[in-house]
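Keep the structure in view as you read.

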Amino acid sequence: MPIPKAEVIWFNNEFVPWDEAKVHVLSHVLHYGSSVFEGLRAYSTPTGPAILGLKPHVDRLFFSAKVIRMAIPFTRDEIAEAIKATVRRNGHEACYVRPLVFRGYDTLGVNPNNCPVETIIATWEWGAYLGPDAIEGGVDVGVSSWRRMAPGTAMALAKIGGQYTNSQMVVMEARRHGLAEGITLDIHGFVSEGSGENIFVVYDGQIYTTPLSGSILAGVTRRFAIALLNDLGHEVNEQSIPRDMLYAADELFFTGTAVEITPIRSVDGLPVGAGTRGPITKELQEEFFAITQGKKPDRHGWLTPVNE
């Protein structure tokens, strides 16, 4: 479905009406994928909207820009304040937030250095990324024929726009097969991640997730999920995961800003466990949403109130 329009987009330190936020067709980013971006969520709490993981997301935005040698023309604090201001200006109680930094219009050629660096922040109301029933009912996925990029060919820890052509191939293949999402393998054949999500495996009472060396994005929600699982008395093992462990798993779930905590009910047509959301996934979801919705104390300091 189309993105539901908000009133304004923050564009280079100005609020621009949604339909007037435009770039030139010869902008470098359109031809060479020279952008970095983030995805955040603001949650509705009893004291007003609050953004989850504002600082780590902004820090990763600046890290990604550093990796592709693109100097963001604003400070971290200015971007953080602009994110809050955009949520306020658009009157959201809960929303998705998309900061994007990209190379604009000047010269055209692979070398981007003469092109200006542009920055936008957009917000819109967005429900469950993989469908309204996914959070409880889970999703059907398949192992993709597309592999994650090899070390030295791309920079998986950075959230760079051009790298997401790989993710597009993964999710389009999955949808052609009637599935919600695909799971990628790394160049060694071990489980990497989804097209835009990290993955966790519960097997024989233990919890596993792919290490950063497995060509994954270092997800902020992944980090939060590990902390909450530890709080709940569960140890998380970061280690290589063979493909067949997906079929032996008692539970599988995705984590990510868009998907939040979403259970996986089948892989390649095989049910995961009983084919329903498992107890550890449910326990983690309940803790995650209780904190993000302000029903439990924000003991880790992950939420930033928008109206302060």
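A cavity is a set of points on a 1 Å grid over the protein atoms alone where a 1.4 Å probe fits but cannot get out; a pocket is an open set with protein on both sides within 12 Å along at least five of seven lines; lining residues have an atom within 4 Å of a point. Grid points are joined across faces, edges and corners, and a volume is the space filled by probe spheres set on the points.

This is a predicted model, where local features need pLDDT of at least 70, side-chain atom pairs count only at pLDDT 80 or more, and totals for chains, interfaces and linings use all residues. Residues are numbered from 1 along each chain as its sequence is written, and side-chain values use heavy atoms, with hydrogens and water left out.

In the second largest cavity, 13 residues form the lining, and Leu 252, Ile 264, Thr 276, Arg 277 and Gly 278 lie nearest its centre. Strand 14 and strand 15 each give two or more residues to this lining. Strand 15 gives the most, with three residues. Helices (H or I, at least four residues) and strands (E, at least two) are DSSP runs, numbered from the N terminus.

The structure has two cavities of 30 Å³ or more. Residues lining the largest cavity include Arg 41, His 57, Thr 221, Glu 260 and Phe 288. Helix 6 supplies the largest share of that lining, three residues.

The largest pocket has 42 lining residues, and those nearest its centre are Phe 37, Arg 98, Lys 159, Tyr 164 and Gly 196. Helix 5 gives the most to this lining, with four residues. Among the elements that supply at least two residues are helix 2 (54-67), strand 6 (95-103) and helix 6 (220-231).

The table sets out volumes and lining classes. Ala, Val, Leu, Ile, Met, Phe, Trp, Tyr, Cys and Pro count as nonpolar, Asp, Glu, Lys and Arg as charged, and the others, Gly among them, as polar.

| Space | Volume | Lining residues by class |
|---|---|---|
| Largest pocket | about 870 Å³ | 20 nonpolar, 15 polar, seven charged |
| Largest cavity | about 70 Å³ | five nonpolar, four polar, two charged |

Now for single residues. Is Thr 255 buried or exposed? Thr 255 counts as buried, because its relative accessibility is 1%. Buried means under 20% relative accessible area, exposed over 50%, and partly exposed in between (1.4 Å probe, protein chains only). Thr 255 sits in strand 14. Leaving out residues up to four places away in sequence, its contacts include Glu 197, Phe 200, Thr 221 and Glu 260. Contact means heavy atoms within 4.5 Å.

Glu 260 belongs to strand 15 (residues 260-267). Glu 260 is buried too, with a relative accessible area of 8%. Its phi is near 60°, a positive value in a residue other than glycine. Most residues other than glycine have a negative phi.

Asn 12 also has a positive phi, near 50°. Asn 12 lies in the loop between strand 1 (8-11) and strand 2. At 28% relative accessibility, Asn 12 is partly exposed.

Ala 21 lies in the loop between strand 2 (14-17) and helix 1 (28-32). Ala 21 is partly exposed, because its relative accessible area is 26%. Beyond its neighbours within four places in sequence, Ala 21 is in contact with Ile 9, Phe 11 and Val 16.
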